[in-house]
Amino acid sequence: MSQPTIESILQEKRQFEPSPEFSQAARIGSLEAYEELYRKAAQDPAAFWAELAEQELYWFKKWDQVLDWQPPFAKWFVGGKTNISYNCLDRHLTTWRRNKAALIWEGEPGDSRTLTYAQLHREVCQIANVLKDLGVKKGDRVGIYMPMVPEAAIAMLACARIGAPHTVIFGGFSAEALKDRLQDAEAKLVITADGGFRKDKVVSLKPAVDQALADNAVPSVENVLVVQRTKAAIEMVSGRDHWWHELQAGASADCPAEEMDSEDMLFILYTSGTTGKPKGVVHTTAGYNLYTHMTYQWTFDAKDTDVYWCTADVGWITGHSYIVYGPLSNGATSLMYEGVPRPSNPGCFWDVIEKYGVNIFYTAPTAIRAFIKMGEEIPNSRDLSSLRILGTVGEPINPEAWMWYHRVIGGGRCPIVDTWWQTETGGFMITPLPGAIPTKPGSATKPFPGILADVVDLEGNSVGANEGGYLVVRHPWPSMMRTVYGNDERYRRTYWEHIPPQNGQYLYFAGDGARKDEDGYFWVMGRVDDVISVSGHRLGTMEIESALVSHPAVAEAAVVGRPDDLKGEEVFAFVTLEGHFEPSDDLKTELKQHVVNEIGAIARPGEIRFAEALPKTRSGKIIRRFLRNLASGESVAGDASTMEDQSVLEKLRQGS
């Protein structure tokens with residue numbers, strides 16, 4: 001692993017201050033207030049988190065010790081007893097929130113449902129009792145393989161209620177990937193659905209569960225609980241498979257929340273590795289609860305009147321932390337949507353915002369770039385005036401997409417919170433607090449209070465302003481992953497041994513390259529393996545992609561490195577064009593020169609390939625490993641089951 005240094009930086013100088021009106025009404029309303037919070041947290045992190053834990057969460061029993069840090073293993077709120085399902089539901093029932101909407105759900109075919117906190121509590125208790133009746137006990141793992149329906153959130157909260165760690169497996173994963181994860185977690189029960197709706201089609205799920213469990217491949221699984229969503233014909237295995245609605249109908253709504261130790265496992269979530277054994281990220285109860293609670297509250301400047309919408313799937317960490325646990329712990333109204341923009345309804349996101357008066361909208365840069373390609377007419381024809389805050393998640397956002405989002409969707413009035421974090425971190429690590437921190441397009445700005453982030457060289461030394469390096473965190477935080485499930489050594493090796501400890505201080509290595517500018521703002525370059533070495537010069541792929549997308553002809557770009565005998569690697573760019581531009585050799589030449597103008601000759605793409613679309617997961621992330629295979633002339637390797645449209649690869653192979 002060599003150290004990234006940026007030869008040339010996109011000189012993004014635009015800066016956007018929060019409006020005086022926004023700051024005045026915000027929870028944290030000035031840069032000075034943020035800096036005071038940050039100083040307080042940095043001076044004594046344990047005291048900072050303990051004070052918030054006491055104020056913000058319900059405890060059956062208070063902790064004995066705030067932090068037990070035996071690097072690289074942390075325990076937070078040692079000896080404390082709480083329950084995240086209780087914090088998300090029960091404690092709201094004695095307040096006016098009892099009859100407030102907790103979940104608003106919009107189905108793709110147009111059906112909808114709203115659950116108040118009282119109604120959600122009732123259904124969670126019923127399903128918790130169903131799980132117990134099916135033999136699930138505290139500590140047993142439960143697999144959840146579901147579409148974006150309320151039952152997915154209900155299942156998670158029911159598992160948490162009885163102390164059964166859940167592992168949610170994204171509904172786009174193949175039967176083989178599902179089997180691997182169920183085997184690794186030694187799941188006792190699986191919760192699934194007959195199927196779901198996506199892009200005007202029925203997507204089946206139960207058959208994949210049957211295939212994963214065939215021939216006793218996962219002997220730990222004793223029962224399967226099935227939600228009826230599409231009413232498609234499916235096989236129900238006698239004695240093993242049970243209909244959710246039938247068992248729920250006879251279940252008691254009385255199920256007291258289990259008193260959980262702070263460090264009891266809450267869930268395992270598998271990162272999307274393509275080779276080797278899946279890596280189960282373990283999160284525990286109290287620290288995760290506190291951190292998702294606080295990051296939701298401060299980053300989205302949460303108000304009791306807000307309707308909040310995160311467009312992620314519950315199968316990803318974003319759905320765990322910022323559809324279910326963070327919002328509901330705060331007593332928020334969280335919106336779930338089953339669908340995605342599709343040819344039959346490209347404006348469906350804007351329809352949902354208009355229909356429900358959404359105030360906070362949180363989505364991925366990939367989605368924003370797709371909206372840009374569709375044009376401004378569609379969002380401009382909807383009433384988006386309810387929006388107060390916009391957010392981005394999943395990857396760094398290029399400045400031009402940021403500006404379009406700000407101007408077209410936010411009407412120039414909504415702060416954008418560009419959040420950097422990971423499955424492993426549990427919650428936002430670097431993010432603007434919208435009433436306090438001026439934003440810069442393309443930068444996640446500053447660390448959340450209590451997060452001691454830095455950019456360092458290979459020896460762990462801080463690098464200077466605008467010098468590229470490795471993004472690290474210097475001190476434990478409450479929602480950090482505790483280990484890789486069943487493999488402490490892999491946890492140590494993957495996250496704690498890349499950068500050597502300094503004076504006994506261990507550094508969490510995020511795997512991302514980054515720089516800090518002269519104002520202390522963080523600019524994340526992307527994964528270290530998304531850094532290209534051209535003649536010994538390290539170039540961030542995001543930087544080159546940002547240069548390409550800043551050209552008026554380009555809607556979206558993905559850049560990878562192609563092996564080159566002379567330079568080591570050569571820049572290879574895949575580009576999708578705005579609707580009225582046509583591919584041509586002249587345009588390729590123009591785009592190459594545009595990159596040279598923006599960054600320098602070292603970044604000139606060796607090849608540009610035009611594409612109608614880029615290979616993406618169903619959650620909207622570009623699958624760069626396939627692009628690396630194509631660029632190198634290799635056969636495409638790895639599981640393609642999560643790809644949204646597998647025909648995209650064949651079209652790219654034929655492209656020139």
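The model is predicted: local features need pLDDT of at least 70, side-chain atom pairs count only at pLDDT 80 or more, and totals for chains, interfaces and linings use all residues. Residues are numbered from 1 along each chain as its sequence is written, and side-chain values use heavy atoms, with hydrogens and water left out.

**Exercise 1.** Classify the pair formed by the rings of Trp59 and Trp63.

Solution. 
- Rings of Phe, Tyr and Trp (its six-membered ring) pair if their centres lie within 6.5 Å; planes under 30 degrees apart are stacked, over 60 edge-to-face, the rest tilted.
- The search of the whole structure finds 46 aromatic pairs.
- For Trp59 and Trp63 the centres are 4.8 Å apart and the planes are at 65°, so the pair is edge-to-face.

**Exercise 2.** Work out which parts Tyr322 and Trp421 tie together.

Solution. 
- Tyr322 and Trp421 pair edge-to-face, with 5.1 Å centre to centre and 80° between the planes.
- Tyr322 lies in helix 11 (residues 317-329), and Trp421 in the loop between strand 20 (416-418) and strand 21 (453-456), so the pair ties together parts 99 residues apart in sequence.
- Helices (H or I, at least four residues) and strands (E, at least two) are DSSP runs, numbered from the N terminus.

**Exercise 3.** Find the charge over the ring of Tyr521.

Solution. 
- The test: NZ of Lys or CZ of Arg within 6 Å of the ring centre and within 35 degrees of the ring normal.
- Lys440 lies over the face of Tyr521, 4.4 Å from the ring centre.
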